[in-house]
Amino acid sequence: MSEIRFVDVAMRYPTRRGEVRALQQISLAVPDGQFACIVGPSGCGKSTLLSIAAGLILPTEGEVLVDGKPAYSPGADRGMVFQSYSLYPWLSVRRNIEFGLEVKRTPKAERARQSGELIRLMKLDGFAEAFPKALSGGMKQRVAIARALANDPEVLLMDEPFGALDALTRQIMQEMLTDLWQRYRKTVLFVTHDIDEAIFLGDVIYIMTNRPGRIRTTLNVDLPRPRNFEMVTSPRFAELRSQVVGIIHEESMKAVESELARA
Amino acid sequence: MSERVPATQAAPAASARVQRRRRGLLRTYLTPKQAIPRSARLFLGIGSFVVIITLWSVGSVLINNPLFLPSIPRVGTAWIDMWQHQHFLDDVAWSTFRIVAGFLIAAAMAVPLGLLMGSFEVVRSFFQPPINAIRYMPASAFIVLLIVLLGLGEEEKLTLIWIGVFFQLVLMVMDIAHRVPDEMLNVAYTLGASRWKVFYKVFLPATFPEVVDALRITIGWAWTYLIVAELLGAERGIGTFIIISERFLRMDRIIAAIITIGILGLITDTIFGLIHRWAFPYVEKVHA
């Protein structure tokens with residue numbers, strides 16, 4: 001059992017122009033094994049929310065609980081994948097994947113077994129001893145995901161992991177991720193601004209409002225599992241998309257208007 | 001489906017050379033940041049030396065006075081003579097020793113301090129203001145002070161090199177440390193690493209390649225201060241050799257000594273380049 005729960009989380013930053021309210025009254029719970037997506041207009045604080053979940057920053061109010069225990073600092077129970085891959089360029093693909101295990105002092109043979117399995121699963125065969133500079137963007141992100149999974153975290157936090165990839169690579173990565181999830185059944189909190197991505201991957205979608213970021217709507221995605229890419233063209237997918245698009249569009253317009261009002 | 005053009009209608013493919021000519025020579029060679037053909041690069045590189053040698057040769061013939069500008073053969077002869085009969089090797093050895101010793105002392109202090117300054121705001125806030133101020137004081141301005149305080153021995157020379165290198169290097173290393181992406185460290189935290197492990201397993205290795213680059217740049221500056229120190233009084237050293245040669249109006253030896261410094265610099269630079277390539281094969285090359 002590993003669920004992650006936000007209890008009345010709020011985030012405010014003091015700036016020269018006064019206080020910025022980034023997040024307000026965020027309460028949500030991702031139960032064990034659920035794939036939850038957070039979508040919202042850019043600047044709505046969705047990445048901040050993820051950093052709070054990771055324990056990298058502290059919220060101004062409220063707290064994040066993992067299995068009921070407050071998460072005040074980062075830990076191996078919450079693995080994170082960033083958009084920028086953030087691989088360690090001086091380590092080979094294999095040693096990047098084994099990083100968390102090395103930190104935990106896992107015996108070498110066990111490390112090799114686990115990284116070997118993930119390298120096969122992530123279709124990185126033949127690149128185990130290569131440095132990250134030799135990899136394409138999609139491969140780099142697969143290494144980053146493998147690195148997070150090797151650590152066997154309770155919760156996987158993903159901050160727009162495919163945002164820097166081209167459309168075709170992104171599609172393939174989404175398919176790989178949904179297969180992986182089917183296999184490992186991790187609790188996932190996935191931040192994206194790509195609506196199709198959120199629908200394709202998620203069990204539930206939280207749509208956030210423009211700043212101050214709040215959860216505006218929660219949408220259950222009732223597409224059957226396991227998912228494959230043919231579902232993207234299904235009528236139900238189109239219905240869900242038009243719902244999300246409508247809400248997001250409204251929020252984006254508000255964002256533009258509030259920017260205009262400030263100018 | 002793309003249709004094949006019948007062979008009879010296709011114009012024969014123009015060679016790269018012909019295509020370049022059609023594009024216009026100016027566009028090929030004078031587009032900003034555009035690569036030029038390898039042969040042209042080689043030609044220009046060698047050409048620069050040809051120009052220097054020609055100017056020197058013509059100049060020495062026109063001036064026709066070895067006191068002002070000795071000819072190339074004359075400098076070459078002097079250079080060989082220096083090694084054979086003037087104990088120039090001792091001078092080179094002394095200078096090299098001072099450079100290496102002064103530089104190592106400066107680097108051994110500047111690199112750790114710079115890394116700490118780049119990572120801990122506490123350390124940075126304390127050290128940065130004075131270092132910033134001292135950095136703008138030319139190291140050579142300290143020399144009289146150092147002679148009074150330390151005399152004309154090795155301490156004075158090593159301290160001068162230290163002043164010249166330390167204050168610049170520490171700020172360069174601080175910048176390098178400061179530029180390590182936060183996300184690189186954050187990933188390690190979320191993989192369960194403690195702060196200490198993040199420091200030595202992620203932060204330190206992330207700075208190494210650029211630190212070696214910074215060392216490579218600053219060791220070149222060390223030569224400037226060394227020669228200044230040696231000019232002002234030393235038993236031996238390339239700077240001493242230059243000042244003695246001046247007393248005897250031996251321009252040929254002075255030029256030969258200066259060229260020697262250039263060669264030593266080139267050797268140092270090559271060594272650093274090799275170290276870099278050997279120790280950091282994973283670094284993505286920005287420049288060819």
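**Figure 1. Buried area between the two domains of chain A.** In this predicted model, domain 1 and domain 2 of chain A bury about 1500 Å² between them, with 70% given by carbon and sulfur atoms; buried area is the accessible area (1.4 Å probe) that two parts lose on being put together, summed over both. An automatic or database domain assignment gives domain 1 as 4–77 + 156–262 and domain 2 as 82–152. Their centres, taken over C-alpha atoms, are separated by 25 Å. Contact (heavy atoms within 4.5 Å) involves 18 residues of domain 1 of chain A and 17 residues of domain 2 of chain A.

Figure 2. Two salt bridges are counted between domain 1 and domain 2 of chain A, a salt bridge being a side-chain nitrogen of Lys or Arg within 4 Å of a carboxyl oxygen of Asp or Glu. The side chains of A:Arg183 and A:Glu117 form a salt bridge at 3.6 Å, N to O. On the side of domain 1 of chain A that touches domain 2 of chain A, strand E7 (155–159) and helix H6 (167–184) of chain A are the elements giving two or more residues. H6(A) gives the most to that side, with six residues. Helices (H or I, at least four residues) and strands (E, at least two) are DSSP runs, numbered from the N terminus.

**Figure 3. The open six-stranded sheet of chain A.** The strand order is E6-E7-E8-E3-E9-E10, with mixed pairing; two strands pair if DSSP finds at least two bridges between them. Strands E6 (78–81) and E10 (215–220) of chain A are the edge strands, each pairing on one side only. Strand E9 (residues 204–208) of chain A pairs with E10(A) in the antiparallel sense over five bridges, and A:Thr218 in E10(A) is the bridge partner of A:Tyr206.

**Figure 4. The interface of chain B and chain A.** The two chains bury about 2100 Å² between them, 67% of it on carbon and sulfur atoms. In chain B, B:Thr190, B:Leu191 and B:Tyr282 lose the most area to chain A, together 34% of what that side buries. One salt bridge is counted between the chains: the side chains of B:Lys201 and A:Glu102 meet at 3.2 Å, N to O. Helices H9 (182–190) and H10 (195–231) of chain B each supply at least two residues to the side that touches chain A, and H9(B) gives the most, with seven residues.

**Notes.** Residues are numbered from 1 along each chain as its sequence is written, and chains are lettered from A and ligands numbered from 1 in the order in which they are written. Local features need pLDDT of at least 70, side-chain atom pairs count only at pLDDT 80 or more, and totals for chains, interfaces and linings use all residues; side-chain values use heavy atoms, with hydrogens and water left out.
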